[in-house]
Structure formats: C-alpha cells, structure tokens
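These are my notebook entries on a structure that I had not examined before. I set down each point as I looked it up.

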Amino acid sequence: MSTQSEAILEENLLKQLVSLGYEKVLIRDEAELLANLKAQLERHNKITLDDMEFSRILNHLNKGNVFEKAKILRDKFALTREDGTTKYIEFLDTERWCQNLFQVTHQVTIEGSYKNRYDVTILINGLPLVQIELKRRGLELKEAFNQINRYQRHSYGANSALFHYVQIFVISNGVNTKYYANNRNQSFKQTFFWADKENKNITNLNEFTDLFLEPCHISKMICKYVVLAEATKTLMILRPYQYHATEAIIDRVVNTNKNGYIWHTTGSGKTLTSFKTAQILMKLPNVHKVVFVVDRKDLDYQTTKEFNSFSQGSVDGTDNTASLVRQFSDDTRLIVTTIQKLNTAINKQRYLEKMKNLRDKRIVFIFDECHRSQFGDTHRNITKFFNNYQMIGFTGTPIFADNATGNKFGKRTTKELFDECLHKYVITDAIADENVLKFSVEYIGRYKEREGSQNNLDIEVEDIDTKELLESPERLEKIVDYIIAHHDRKTHSKEFRQ
C-alpha cells in the first residue's frame, strides 16, 4: 500500500469539499469560531444581532450535554430583542435541509484540559456538526477513533462547548472511511462503512466524500436519520441499509399507491428502521395514520416499548380493541397494535360504526415479521375493508414459491401479498459487515459407542433411521448438557449474545 501523508489527505479533502459546494473558511480558535457563528446565524435567519442578543443565544446554546444540545439544535430559540419584540432563531432547517449554509474549515484549535487541534470540521449554519479525523494511509482506522475520544475528554466541552453539537464523526485513512454518531458510550465496533443500495461498501475517502459528505446528503442524514434515543439519552444514526430501506419506502408511499416489502435479516435492526420509517411517514400531509402491526401480544408490548425508547411517548400501546378503535378515531398519528385486534376492529359489528369513517382515509400499514402474520383471513379482511391503504412488510425470511406451505387460500408468497422487494440485506451481507455474528459450526461426538466418552450415545436404530436418531431424547439431552457446560467459554463469557 502506498503511503500518503495526513497533510496531503487533508488538503485533497478540503479541495473536494469546496468543489461540492462548501465555503472554505479560516477558523483558528474559539473567538473566530464564535464570530463566524454569529455571521452565519444572521445570514440564515435574515437578521442582524447585537452583542447582547448574540450573548443570549450563546447562553442558550451552552446548556446541557450532547443529547440535550441535539434537541436544542432541532428547536427554535425565542430571542427577546432589545426593542422587546420576539424573534425565533433557527439553528437548523430540518425540513428543507438543502437550504442550510455549508462551510468547511480545518485545524481549529480549542484549549480545554489540553490544547487540541482538529483536522477537518464541517459547519452548518456556523455550528460544527460533522468532525472528520484523518490518519495517513497505512495506519489503523481505530487510531482516528481513539483520537476523537481524546478530544471528547479533553476539549470538546471547553469554553462555549460548541463541539458538543457534532452529530456525526467521520474517520478515514484514505483507503478505509467510516462514520458514526456522537455517542461516547459506543465502541469501535459501532462505526459503519457507507454503502450503495446493493450493499457494496464505499470505503475510499474520495468516493465516500462525493456520496456521503455532499452538502444535501450530510444535512439530510443529520436532519432525518440521526435518532435521539430517549431511553439511553444518546444519539444513533442509521446504517446504510437502514437508510436505503427507509428512503425506498418513503418514495413508494409518496409517489405510488403500491405495496412493498423489506427483506432485512434477523438481528440487523429492523425495529429502528421501521420506527424511523413510521416517524417520517406520519408527518406526510397526505397520510392520515401509520399503523404498525405485529402478530402477538408480547410483541405488541415489546415493540411499543422499543418505539418509545427511541422517542418517548411516540406510541400509545393499545391494551384492547376498544382502545385501538379510539386511536383510529382520534388524532393519534402512529398506532402500534396486534393483527388480531386489528382484525376484530374491522369485523365486529360494535366497532364498525366508528371504523367506517376510515374506509377512504390514506392509511399506511407496516407489518412486522410479515412472513408470519399475513397469510390468512386478516390480509383479505384489511384489503376488503379499507379503500385507500398501503401495506409495507418487514421480514427476515420471506416466503417464496419453493418454501410456501399454503392454507385455504392456496400457496401465497410474500411478493404476491406485498408486491416487490424494496430493499434487501441478507445474512451474507450482515456477516460480511460484522453486524451479526458469523456461523460457528462444530461437530461434537460420533454416533457410535466409545467407552468413557462424554458424548457417548447408545441408541438402537434399524439401518440408519435419521428421524429417530435426531429426535432421540438421549441425543437432545446431551446437546443441552454440552451447551450448558461450555456456554461461557464459547460466548467469551457471554459477550456474544446473538
């Protein structure tokens, strides 16, 4: 591998960002950072601020930790002006993300417990929202990750603490480039490569910059795809396959009335994807309600809990069908319910009077584990009752013609019920990305008598009766005993939990 100095990497990155539309600015220290922030907020809000007014804004911006600052970033500040009037100051336009002001600077020096100089900083409306740490080619990417951790400890919180507003970190050695959310609790394992729709990783810094750091795209990632997780008070950011799936669903709902499904393997974070999808869809003006449907009562509770962990109070769990019908009738935009209660609501006579007003409303149904829940009467009942619906399915194991079992309606595939697959991320993709654990196959014991063997089996079978052998209680008990005896060692003291 050819070596390339960090200085050359930085110089080339700055040129590329300018070519993408960033304004390059020279900001050497805290004072120049604040002066630039004042000028950019004035431009963005079309206002002139005096020193006292800007001081009030800084006091507001200096409140709280990283999580609380992420909320401040997305809200407006009611500034009481010297003449007594009120002006609402916007720090980030989250609806028209391309209309923000984009700048890039480098080598900003901030002094906290130590003096630190940061490589490349992307400023949006004057606030440092993306920090890029570079290492020369040949060095491990983790060195850049550790460097940012040191900055977080030593200087990000110093003075006006504006670097606590960073939403996304990018680390690169030119050959490998990854991104992650500003969350000090995460490990290097929770940094991600960007990827295209076919899950091909974009590792080279030049290509990553063109795609991920393009001004409109990075602004969209911050405005739409950074999740403020209430349960842990941390920032999360969608992985590329979650982003592409969500974008595909939004495009489907905005531009068509067709159904569709997402094939994402088990353990890849479908709950976060479906939550972000539902959160965006419920804000669309032509969508009356978004209904997230699961197929068992325990999943109803679990999904509600998980959705609310991302955004507290975002979901009111429905305890019974009457409660569900009330939610259909009131201003609740996002409903989590079971398929059984939904089926009851549109079939029982006592609920029909309230439900009939919804027949022509635009309702988007999102089905969790749709390979289990959508192959019976309920699918037919929903399609007969509602006239203006769309169905989006999530599954880790879609039903195809060769694995369809069939029922009284015949053999139905996922494609027949949900139309085309909008995005696919299968187990081989997840293993390659190290998002799920690799398969570890071991062959323990042999099916013959061996004196003193811990795995000895003495099963009388005629010829080779595979079914009898595999279902033998003796064999199953020995498997369970082996798992219990070796579980801690095999899972690295339970570090591996999947």
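Which residues are exposed on the other side of α3? I found D51, M52 and N59 there. I note at the outset that the model I consulted is a predicted one.

**Entry 1: helix α3**

I next listed the buried residues of α3, the helix of residues 51-61. They are E53, F54, I57, L58, H60 and L61. I then asked how these residues are placed around the helix. Viewed down the axis of α3, the buried residues lie within an arc of 160 degrees, so they line one face of the helix. I looked up what this face meets: the buried residues of α3 pack against the helices α2 (30-45) and α4 (66-74) and against the strands β2 (76-80), β3 (86-90) and β6 (127-134). M52 is itself among the exposed residues of the helix.

**Entry 2: the whole protein**

I turned briefly to the totals. The protein has 498 residues, of which 50% count as buried. I recorded 19 helices and 19 strands. Of the contacts between residues at least 6 apart in sequence, 67% join residues at least 24 apart.

**Entry 3: an open sheet of six strands**

I traced a sheet whose six strands follow the order β1-β4-β5-β6-β7-β8. The sheet is open, and its pairing is mixed. Which strands form the edges? They are β1 (23-24) and β8 (177-181), each of which pairs on one side only. I followed β1 to its partner, β4 (residues 102-111): two bridges join these strands, which run parallel. In this pairing, E23 stands opposite Q103 of β4.

**Entry 4: two residues with positive phi**

I looked up N125, which is found in the loop between β5 (115-124) and β6. Its phi is near 55 degrees, a positive value in a residue other than glycine. Is N125 buried or exposed? N125 has a relative accessible area of 0% and is buried.

D419 also has a positive phi, of about 70 degrees, although it is not a glycine. I located D419 in the loop between α16 (414-418) and β19 (421-425). D419 has a relative accessibility of 29% and counts as partly exposed.

**Entry 5: R184 in a loop**

R184 is placed in the loop that runs between β8 and β9 (194-195). I found R184 to be exposed, with a relative accessible area of 52%. Residues up to four places away in sequence being left aside, R184 touches Q152 and R153. I also checked its separation from N149, which is 35 residues away along the chain. The C-alpha atoms of R184 and N149 are separated by 7.4 Å.

**Entry 6: helices α7 and α8**

At what angle do α7 and α8 pack? I recorded about 85 degrees for helix α7 (residues 215-224) and helix α8 (residues 240-255), with the axes 13 Å apart. The two helices are therefore roughly perpendicular to each other. On the side of α7, the contact is made by H217, K220, M221 and K224; on the side of α8, it is made by Y243, E247 and I250.

**Entry 7**

Strand β18 covers residues 389-395, and six of its seven residues are buried. I concluded that β18 is largely enclosed by the rest of the structure, because of this burial. I looked up two of its pairings. Strand β13 (residues 260-264) pairs with β18 in the parallel sense over four bridges, and W263 has T395 as its bridge partner in β18. Strand β17 (residues 363-367) also pairs with β18 in the parallel sense, over five bridges. Here I363 stands opposite Y389 of β18.

T277 is buried, with a relative accessible area of 0%. Which residues does T277 touch, not counting those up to four places away in sequence? I found T246, I249, I366 and F394.

Technical notes. Residues numbered from 1 in each chain as written. Predicted model: local features only at pLDDT ≥ 70, side-chain atom pairs only at ≥ 80, totals over all residues. Heavy atoms only, no water. Buried < 20%, exposed > 50% of the residue type's maximum accessible area, 1.4 Å probe, protein only. Arc of directions from axis to C-beta. Contact = heavy atoms within 4.5 Å. Pairing = 2+ DSSP bridges. Axes fitted to C-alpha atoms, helices over the stretch in contact; angles between N-to-C directions. Parallel < 35°, antiparallel > 145°, perpendicular 65-115°, else oblique.
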